[in-house]
Amino acid sequence: MIGWEFPPKSVGGLGTHTYELVNELKGLVSISLVLPFKARVEGIRVIPVPARYLNPYKLSFSHSFIDSIRAYNENIVKEVLGKRVKFDIIHVHDWIGVEAGIRLKRLTGRPLVVTFHATEYDRTAGHPWEVIKEIEQRAVNEADGIIAVSNLMKEELIKYYHADPSKIDVIYNGINPTAIDGSSKKGLFGRKVVLYLGRLAIQKNPESLIRAIPLVLEKEKNVVFIIAGSGELLPRLAKLSVDLGVKDHVIFTGRVTDQEKEFLYKISDVFVLPSVSEPFGITVLEAASKGVVPIISKTVGAGEQVDALEVDFWDVNKLAEYILAVMKYPVLGNHVKENNIRRLTGLSWARVARRTLKKYKKVLRWK
Amino acid sequence: MEVAMCFHVHQPFRLRRFSIFSDTKLPPERAYFDNDPENSLRPMYSNKTVFQRATKDCYVPATQIILDHANTGRKFCYSVTGTWVESAMRFGPEALDILQSVADTKNVEFLGETYYHSLAGLYDDLSEFDEQVEMHKNMLKEFFDYRPSVFRNTELIYDNRIGTEVERLGFKAQIIEGAEKVLGWRAPTYIYKRIGGNLLLLTRHYRLSDDIGFRFSNRAWSEWPLTAEKYADWIANTPGDYVLIYIDYETLGEHHKPDTGILEFMKHLPDEFEKKGIKMLTPSEIIKRHEPKDELDVPFAVSWADESRDVSTWLGNSLQQYAFKRLQSLRVDSNRLKRIWRLLQTSDHLYYLSDKAGMDGFVHQYFSPYDSPYDAFINFMNILDDLKRRNGN
C-alpha cells in the first residue's frame with residue numbers, strides 16, 4: 001500500500017483512512033506500507049521512502065515540484081523492488097504515489113487499486129493544475145479497480161475523468177464505534193457553540209460561515225463561533241470578522257491537537273462545513289459521533305452517510321437560518337443526533353476493511 | 001354485488017420559502033403561501049403549476065368521463081376539500097365548473113369532511129374539528145347544492161373518539177380504511193357499526209382500490225395490463241354485500257398518465273360492471289340496503305396512509321409531533337389570522353416532515369416540494385412563529 005500523510009502527522013481524511021484501514025486489514029492480509037517518513041505500526045511492515053523537497057503538510061508548488069514528485073515515485077519503485085517486498089496487489093491512495101503504482105504494476109504484473117479521497121478539482125475548487133490532472137487521469141485509466149469514498153466522488157471521477165463506472169466501488173469512511181458518544185454537555189460558558197474545523201482553504205469555504213455570523217447575531221447574541229485549523233485564508237478571515245464587526249464572537253484557534261479536537265466536538269452544538277467540493281469530509285462523521293449537529297453544503301459526500309442539514313455552499317442566508325433553527329428548536333438537533341448515533345453505529349472501520357478486502361478479491365479474480 | 005366508486009379530490013396550499021429573515025411586512029397570505037411559481041419552493045411544485053397540470057391531465061378529462069356516466073344514471077361518490085375548491089377558483093375554474101355539472105346530475109354523493117383536510121380530529125379539543133366540518137358542509141351547499149350524510153375524515157383517519165364526534169354531528173355513516181388491524185377476521189365487504197353507537201362504518205377495500213391506485217401502470221405486476229373486464233370480474237367474485245373503491249382522483253390521468261390507458265379503463269368500467277350484474281351505488285344507498293354485521297372497536301387511530309395504515313405518516317417522528325403540538329396550541333384571535341392558521345393545518349404540511357425510509361419515504365419525497373424533511377420543518381416553524389408574533393402571543 002502506498003500512502004502519504006499518516007497519524008500522528010495527519011491533516012485530513014486520507015491519513016485517518018490509511019491508518020484505520022491498515023490496522024483493521026492487518027489481521028486479514030499482510031501489508032507493506034510505503035510512507036514518506038519513518039513510522040511504527042504494529043503488525044505492519046513500514047517502508048519509509050524519504051520524499052526530498054516534499055512535505056505532506058506543506059506542499060509548495062515551485063517549478064521543481066514535479067521533478068520532486070517524479071524522483072519520489074522512482075525511489076518508491078527502487079525501495080520496493082530493492083527490498084524484495086512481496087505483494088499480490090498494489091493499493092495507492094490519491095495521486096502522489098500513482099506513478100510508482102503504475103510502474104510497479106507494469107514491472108510485476110500485479111493489479112492496481114486506487115482510492116480517491118479527493119481529486120485535483122476538489123482541492124483547487126475547480127481550477128485543477130494540469131500536471132496533477134494528468135496523473136489522476138492516468139490513475140483512472142490504469143487502475144484495475146477504483147475505490148471512491150462517496151457517490152459524489154464516484155460521479156466526479158466519471159464526469160471529469162470518464163472513469164468506467166463498473167471499475168468503481170464506493171466505500172465510505174468509517175468511525176471508531178467506541179468513539180461514538182452524544183451525551184456531552186454542550187456550550188461554552190453558557191453560550192452556544194458553532195464549530196468550523198478544517199483547513200482554512202478556499203475548497204472548504206470557511207468564508208461562508210464568517211459571512212453568516214452577523215446574520216445569526218442579528219437574532220441570537222448568545223453564541224460563539226470557533227474557527228479551528230490553519231491555512232492560507234486565516235489572515236483574510238480574521239480581517240473579515242473585524243470588518244463585519246463580529247470579532248468578539250469569533251475565536252480563531254489555529255491548528256488543534258487531537259485532544260483539543262475532542263474537546264471542541266464535545267462542547268459544540270453545531271458543526272459547519274460549507275465546502276465548495278468535499279468528496280467525503282471525515283470531520284462530519286467525527287462531529288456527528290459526538291452529538292454535534294452537522295450543517296454542511298450539498299457538495300459534501302459525508303451527507304450520504306449521516307443526517308445533516310444541507311445548504312448550497314454559497315447560500316449564506318440559509319446557513320444562518322439553519323444555525324438559528326438548531327438553536328431555537330432543540331427537538332430538531334435531538335432528532336438529527338439520535339438518527340446519527342444510530343446510523344454511525346453501523347459504520348465501523350472494520351466494515352471499511354471488509355469491503356476493501358472484497359474489492360481486492362474482485363480485482364484479483366478479474367486479472 | 002354492489003360497488004361504490006369514491007374519489008378523493010384535494011390540493012393543499014403549499015408554502016413558499018419563508019426564512020427567519022423574510023420580510024414580515026407583507027400580509028400573511030402573500031408572505032406564507034406561494035401564489036405564483038416565481039416565489040415557490042420549486043417551480044414544478046408551485047400551487048399554480050400543480051393545479052393547472054392536474055386540471056389538464058385529470059380534472060377536466062376524467063371528470064368528463066364521469067359526467068358522461070352520471071348522465072346515464074351511473075352513481076359515483078366524491079370527497080372534495082375546501083382548499084381544492086379555493087385552488088380551483090384561483091387556478092383552474094374549468095375544473096370546478098365540470099365537477100359542478102356532475103353534481104347537477106344528482107347521481108353523485110358528496111362526503112362530509114374537514115374543510116382544510118386537517119388533523120383536527122386528533123386535537124385534544126374537538127371544537128376546531130366541529131367548526132371545520134361545518135365550514136365544509138356550507139361549502140358543499142354553496143358550490144354543489146348538497147347536504148352530506150356520510151362522512152370521511154382526512155386520509156380516512158378514524159378512531160372511536162372521532163366516530164363518536166361524527167355521530168354527534170349528525171352523520172349516518174363514515175368511511176374508514178378496511179385495514180386488517182381494524183377488521184381482524186372480518187371482511188371489508190360488509191357494513192359495521194361504531195362500538196357502542198349507531199354510526200355505520202363502511203370499509204374501503206384497499207386491495208382492490210390499490211389495484212387501480214398504485215398497480216395499474218406497473219408493468220412488473222403479474223396482472224398487468226389490467227382491463228375493465230378483468231377488474232369487474234374480480235369484484236363480481238368478491239364475497240360480501242359491497243365493494244368500496246376509494247382512490248386519489250389524480251390517479252386518473254396524472255399519477256397514471258393517459259398513455260397507460262387509465263382513462264379508457266374508466267370509460268369502460270361501468271359497462272363491464274353492468275355485464276357482470278354489479279350495481280354502481282353511492283355509500284348512502286348501500287347503507288340503506290344492508291344491516292350492520294358487527295361493531296368495530298378502534299381505540300388507536302387508523303388511516304389509509306403508508307404500509308402502517310396509522311397516523312405515523314403525519315406524527316411519526318419527533319419533528320412532526322413538535323410541530324403538531326405547536327400548531328394545535330396556537331390560539332388565534334382575529335378571523336383573518338384564523339384563516340391562515342387553518343390553512344397551515346392542512347395535513348400535507350406535516351406529511352412533508354416525514355423521514356420514513358423505504359418505499360413510503362420515496363412516495364413522501366415524490367410529493368414534497370422541499371429539499372428534505374429538515375428543510376420542511378424549519379420553513380414550517382418559521383411561518384408558525386411568525387404567525388404567533390403577528391397574533392401578539
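This is a predicted model: local features need pLDDT of at least 70, side-chain atom pairs count only at pLDDT 80 or more; totals for chains, interfaces and linings use all residues.

Student: What makes Glu128(B) and the others in α5(B) count as buried?

Tutor: A residue is called buried if 20 or more other C-beta atoms lie within 10 Å of its own. Glu128(B) is on the buried list, so it reaches that cut-off.

Student: How do you know that the buried residues of α5(B) line one face of the helix?

Tutor: Look down the axis of α5(B): its buried residues fall within an arc of 135°, so they line one face. The face turned away from that buried side carries Ser127(B), Asn138(B) and Glu142(B), which are exposed.

Student: What covers the buried residues of α5(B)?

Tutor: The cover includes α3 (82-91), α4 (93-104), β3 (108-110) and α6 (160-168), which belong to chain B.

Student: How do you know that the span of α5(B) agrees with what a helix should give?

Tutor: Helix α5 of chain B has 18 residues, 127-144, and at 1.5 Å a residue they should span 26 Å. The C-alpha atoms at its ends are 25 Å apart, so the two values agree.

Student: And what comes just after α5(B)?

Tutor: That's Asp145(B), which takes a positive phi of about 50°.

Student: Now the two chains. What makes residues of chain B and chain A count as being in contact?

Tutor: The test is whether their C-beta atoms lie within 7 Å. By that test, 13 residues of chain B are in contact with 14 residues of chain A. On the chain B side, α13 (318-329) and α17 (373-391) are the elements that give two or more residues, and α17(B) gives the most, with four.

Student: How do the residues on that side of chain B divide into nonpolar, polar and charged?

Tutor: Eight are nonpolar, four are polar and one is charged.

Student: Which domains does chain A have?

Tutor: The domain assignment gives domain 1 (13-174 + 348-366) and domain 2 (178-345). Their C-alpha centres lie 30 Å apart. The contact between them takes 16 residues from domain 1 of chain A and 13 from domain 2 of chain A.

Student: Which helix supplies the largest share of the domain 1 side?

Tutor: That's α6(A), with four residues. The whole domain 1 side that touches domain 2 of chain A divides into seven nonpolar, six polar and three charged residues.

Technical notes:
Residues are numbered from 1 along each chain as its sequence is written. Chains are lettered from A and ligands numbered from 1 in the order in which they are written. Two residues are in contact if their C-beta atoms, placed from the backbone, lie within 7 Å. Ala, Val, Leu, Ile, Met, Phe, Trp, Tyr, Cys and Pro count as nonpolar, Asp, Glu, Lys and Arg as charged, and the others, Gly among them, as polar. The expected span of a helix is 1.5 Å times one less than its number of residues. A residue is buried if 20 or more other C-beta atoms lie within 10 Å of its own, exposed if 12 or fewer, and partly exposed in between; C-beta atoms are placed from the backbone. The arc is that of the directions from the helix axis to the C-beta atoms. Domain bounds come from an automatic or database domain assignment.
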